[in-house]
Amino acid sequence: MRPRHLRRRGALAAAATTLAVLCAGQTLAAPQAAAAPAPAATQEVRTSPASEVRAAEDAVARTVAAALTDPSWRVRVRQAALTSDEVAVTALADGALKTALAAADRRIAAAKGLASDVGPLLRLRLGDPSMRGALTAGTQPWVAAATSDDGPVTAYDSAGRTHTLDARKTPARPVYVIDIDGSRALAAGLDVLHEELARRGVRSADPAPDAQQARTSTAAAGFWTTRVSAVSLSDDLEPWIKGDAEIYTLVTGFGHDGKVRVDPVDMPYLDDDGTVYRPQQILVNWSSYKYNLADAVMMEDDGSTNYRDLARAIAAILLTVTDQGAYIPLVNAVLDAIPDDWWTDDPDYVDSWYTLARTDIGTRHGARGNGWMTLEPYFVQEL
């Protein structure tokens, strides 16, 4: 029998090798494909960004599960999962496993249209707080990727066996969920969305403008805005496997040049449905708009969104909408711009608000009936 430390290294190295092979599967298969050309229709098939993200997360889940055969890694992960809501799993690992997880991180960033320096995105968390007791008591956890909304969830044990779980019913057995740092990914993604829209000719305000940027685009005395004083969702479209929602809103209208503009607004506090949040957040900066009306489409990022693709799709439709001298609602144009296959899991349409006016005050329910916002006019005084 090998010494314990050699067995530990062997288990982690084997897990890392498995992940490296899984993440590089398409590349490894390329020489065989060249030797046996596929029919033309097959050659045109492209892997979607969502599929790339899901495949990478699933490979990580299998690898982390296999690495749990090592007692030291098992204890390290359990302690981290019990003391933190989210664990930066790449930073927690070491050696070959760390290298393989870092490669998976980069693959996910590329699939989402993010820069490689966005930072580690992979996270590990306990699927639900109700699992803490069983995990503390020593029940061996399974590992699953957060890749499904309504369909079955595939979980892996340390022996490589698969187990099917219900996405809408929290299991009693503890499950480690491999997910993406949604806040980091969404913040970076909205910057990409803003830049890509602007590059394609659709005006778009930076989702997090500084005070100087705001002042240079407004009148000397200040500017009017619409502020969200309270907001709540009936269903954030997130089962237990998905964890907290990552909500953002696309505000659309016509700029002073008569062209359509899209302003992304990050709403990182909207984690749970059935909860009333009071953010006092500016939703619409009316100094950017020609008319006294704007629309809002609220979305939830399920982790696989490619923000460059989203910007291209929106721009392709909105650039065909022209100013006819009167306000034209743009909610339907935004929703129509999103390809049909994106609706299966990513991104989720949460709700929409037509014809928001600068003078709106009080509660406005969304057209879908899934959420409401209490709005109020708010004048931003220049210093």
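Contact here means heavy atoms within 4.5 Å. The model is predicted: local features need pLDDT of at least 70, side-chain atom pairs count only at pLDDT 80 or more, and totals for chains, interfaces and linings use all residues. Residues are numbered from 1 along each chain as its sequence is written, and side-chain values use heavy atoms, with hydrogens and water left out.

The protein has twelve helices and 13 strands. These are DSSP runs, numbered from the N terminus (helices: H or I, at least four residues; strands: E, at least two). Of the 383 residues, 49% are buried, that is, under 20% relative accessible area with a 1.4 Å probe and protein chains only; exposed means over 50%, and partly exposed lies in between. Among contacts with a separation of 6 or more, 75% join residues 24 or more positions apart.

Y289 sits in the loop between β9 (281-285) and β10 (293-300). Its relative accessible area is 3%, so Y289 is buried. Not counting residues up to four places away in sequence, Y289 touches V251, T252, G253, F254, G255, H256, R261, D263 and V284. With D263, the link is a side chain to side chain polar contact of 2.5 Å. A polar contact is a pair of N or O atoms within 3.5 Å; within protein, one must be able to donate a hydrogen and the other to accept it, and residues adjacent in sequence count only if both atoms are side-chain atoms.

Helix α11 (residues 307-318) has twelve residues. From first C-alpha to last it reaches 16 Å, close to the 16 Å expected. The expected span is 1.5 Å times one less than the number of residues. At the start of α11, a side-chain oxygen of N306 comes within 3.1 Å of the backbone nitrogen of R308. Buried positions in α11 are Y307, L310, A311, A313, I314, A315 and L318. These residues pack against α9 (182-199), β7 (247-254), β8 (260-267) and α12 (331-337).

The structure holds one cavity of 30 Å³ or more. A cavity is a set of points, on a 1 Å grid over the protein atoms alone, where a 1.4 Å probe fits but cannot get out; lining residues have an atom within 4 Å of a point. The largest cavity has a volume of about 50 Å³. Its lining consists of R74, R78, L135, G138, T139, Q140, P141 and Y176. Three of the lining residues are nonpolar, three polar and two charged.

How values were computed
On a 1 Å grid over the protein atoms alone, a cavity is a set of points where a 1.4 Å probe fits but cannot get out, and a pocket is an open set with protein on both sides within 12 Å along at least five of seven lines; lining residues have an atom within 4 Å of a point. Grid points are joined across faces, edges and corners, and a volume is the space filled by probe spheres set on the points. Ala, Val, Leu, Ile, Met, Phe, Trp, Tyr, Cys and Pro count as nonpolar, Asp, Glu, Lys and Arg as charged, and the others, Gly among them, as polar.
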